[in-house]
Amino acid sequence: MKKIKILPVFTALLLLIEFSAFAQNNADKKALKGFAVLELFTSEGCSSCPPADELMGRIQNEYKDDQVYVLSYHVDYWDRQGWKDIFSNPDYTKRQYDYAKWLGKEPIYTPQLVVNGRKDYIASDETSVRSAVKNTLSKPATADLSLEANVINNKLNVSYTVNGISKNSRLVFAAVQKSAKSNVKRGENAHRILSHYQIVRQFQSVALKTNGHGSATITAPKDFNTNDFEIIGFVQDSNSGAILGADKARISK
């Protein structure tokens, strides 16, 4: 009686399954495209800041269909120099000091641009900034983040799905006003009308313990509306400051 050799067929089937799983895992990794989170530290009281603000506006417009996320933090330490920035917030100054610690860069200054939490640039240096954006987009994200949001009773409820976090990850949310103009009457920019872009109006973070689903609530700025504002979120390592992944929330109206 002829014996049927099942083992080689079974082995081949196992190898095929393993190869398919391996290919799927690699496909998932390749699906994480490069991204760039550009965090600008600026002030209406700083005469060298308007060119940086304008550059952020151009980059935001040029990369609007790409995974480029611009956030402009108006710090408050210029407020004592003759003009109080209407968008300034001490929390944003604290965030800049956090970067001084993470990057080992002191003293702090404006206009400073931090890209993906890993390196800083003089934000008005267009050549260096554009090169940084291009290089950063060529590197894949290490965390996969997806955001959904809705507005209820002046609260922004943000639902998130995240994978690929590090041990010390935090999820950072920002309510961002897309643009504004300001008539500056005193200080270094006296008698100028300044244009601002991607102004951070509300900022909050939550600790991430595990991959998966979750939600958080942000108080909406008093003038919030879905046409003039957007919600940007990103995963950040709280030990190194490195940003691992980012997304812009889809807001339900």
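I started at a pairing: Gly 233 has Asp 247 in β11 as its bridge partner. Strand β10 (residues 229-237) runs antiparallel to β11, and I find 5 bridges joining them; strands count as paired if DSSP finds at least two bridges between them.

**Ground rules**

I'm working on a predicted model, where local features need pLDDT of at least 70 and side-chain atom pairs count only at pLDDT 80 or more, while totals for chains, interfaces and linings use all residues. Numbering runs from 1 along each chain as its sequence is written, and side-chain values use heavy atoms, leaving out hydrogens and water.

**Helix α4**

Which residues of α4 are buried? I get Val 129, Ala 132, Val 133 and Thr 136. Down the axis of α4 they fall within an arc of 100° (directions from the axis to the C-beta atoms), so they line one face of the helix. Thr 127 and Lys 134 are exposed on the other side. The cover over the buried residues includes β1 (36-42), α2 (50-62) and β2 (68-74).

**Whole protein**

I count 4 helices and 12 strands, taken as DSSP runs (helices H or I, at least four residues; strands E, at least two) numbered from the N terminus. Buried residues make up 45% of the 253.

Key. Buried means under 20% relative accessible area, exposed over 50%, partly exposed in between (1.4 Å probe, protein chains only). Contact means heavy atoms within 4.5 Å.
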